[in-house]
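Have a look at the picture first, then read on.

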Amino acid sequence: MKIEKNKVAALAYKLEVEGKIADQAGKESPLEYIHGTHMLIPRFEEEVEGKEPGESFEFTLSPEEGYGVYKPEFKFDIPKRAFEMDGALREDLLFVGNIVPMLDNNGNVIRGMVAAIGEDTVSMDFNHPMAGKTLHFTGEVVSVRDASEKELTEGLHGEYLPPEEKEHHCCHGKGKGHCHKHAEGEGCCHEEGKECDCQSKDSNTEA
């Protein structure tokens, strides 16, 4: 069976960025997704489409084909009060390099990295961590099967269900991407183009 639209594909892969392994999934715990439903980077899906179990793949994606170019305008200074909970500053969140889930002015969860900490503000970078990076993928197709009607309706991990009916899911990618299940409160994807008038997800204070 070949990888095509509405097939559940399982892939073992390694992602190499700047000569280092940035992400990987082995055959014992492969990446699974429903092909053609925009859960992965479009160019990634194009590269593996038509392949069968046992076939290998290797390809390189430019920043434009992957997570986009780095955009300085996605970096913001946010008042420290946005990181308060019950009137107390969440010092445990505020260290350079930490990924913090936040809410934008539309109530959407976005994921930002603490870039710098000032006296009254925190510099947050909402670019995807792989923005501006060239991505080199190698791997193998582990299995391919038909998606069930339930999976096509609800998603492979329940991601199409209303929020009150599903566990919290987070994605990495351009809009939607390589998806993993996370505990509530962990980082979610920053979708390109969203407003970033943010607050900490644990805070009720608007920035």
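## Ground rules

This is a predicted model, so to speak of a local feature takes a pLDDT of at least 70, side-chain atom pairs count only at pLDDT 80 or more, and totals for chains, interfaces and linings use all residues. Residues are numbered from 1 along each chain as its sequence is written, and side-chain values use heavy atoms, with hydrogens and water left out.

## The overall make-up

The protein chain has 2 helices and 14 strands. Both kinds of element are DSSP runs numbered from the N terminus: helices are H or I runs of at least four residues, and strands are E runs of at least two.

How much of the chain is buried? Of its 207 residues, 42% count as buried. Here, buried means under 20% relative accessible area, exposed means over 50%, and partly exposed is in between (1.4 Å probe, protein chains only). The chain exposes about 10800 Å², and carbon and sulfur atoms supply 46% of that. These areas come from the Shrake-Rupley method with a 1.4 Å probe, and for residues only the protein chains shown count as cover.

Now for who touches whom, where a contact means heavy atoms within 4.5 Å. Among contacts with a separation of 6 or more, 64% come from residues 24 or more positions apart.

## Two nonpolar cores

A nonpolar core is a set of buried Ala, Val, Leu, Ile, Met, Phe, Trp, Tyr and Cys residues joined through side-chain atoms within 4.5 Å. The largest one has 22 residues, and I3, L11, F44, V48, L135 and F137 have the most contacts inside it. At least two residues each come from β1, β3 (31–34), α1, β4 (56–61) and β11. Strand β1 gives the most, with 5 residues. A second, separate core has 12 residues, including I78, L93, V114 and V122.

Back to I3 for a moment. Leaving aside neighbours within four places in sequence, I3 is in contact with A9, L11, Y33, H35, V48, E49, G50, K51, V141 and V144.

## Rings that meet

A pair of aromatic rings is described by the distance of the centres and the angle of the planes. Rings of Phe, Tyr and Trp (its six-membered ring) pair if their centres lie within 6.5 Å; planes under 30 degrees apart count as stacked, over 60 as edge-to-face, and the rest as tilted. The whole structure has 7 aromatic pairs. One of them joins Y13 and F137, a tilted pair at 6.3 Å centre to centre with 50 degrees between the planes. This pair links distant parts of the chain, as Y13 sits in strand β1 (residues 7–17) and F137 in strand β11 (residues 135–146), 124 residues apart. Y13 is buried at 4% relative accessible area, and F137 is buried at 4% too.

Why does the pair of F44 and F137 count as edge-to-face? Because the ring planes stand at 85 degrees, with the centres 4.9 Å apart. This pair also links distant parts of the chain: F44 is in helix α1 (residues 42–48) and F137 in strand β11, 93 residues apart. F44 is buried, like F137. Ring pairs join Y13, F44, F57, F59 and F137 into a cluster.

## Charged partners

Side chains of opposite charge can pair when their charged atoms come close. A salt bridge is a side-chain nitrogen of Lys or Arg within 4 Å of a carboxyl oxygen of Asp or Glu. The structure holds 9 of them.

K133 pairs with E18, the closest N and O atoms being 3.0 Å apart. K133 is partly exposed at 25% relative accessibility, while E18 is exposed at 64%.

E4 forms a salt bridge with K7, with closest N and O atoms 4.0 Å apart. E4 is partly exposed at 40%, whereas K7 is buried at 12%. R90 and D92 form another, at 2.8 Å, and D92 is partly exposed at 48%. Finally, a network of salt bridges links R43, E46, E47 and E65.
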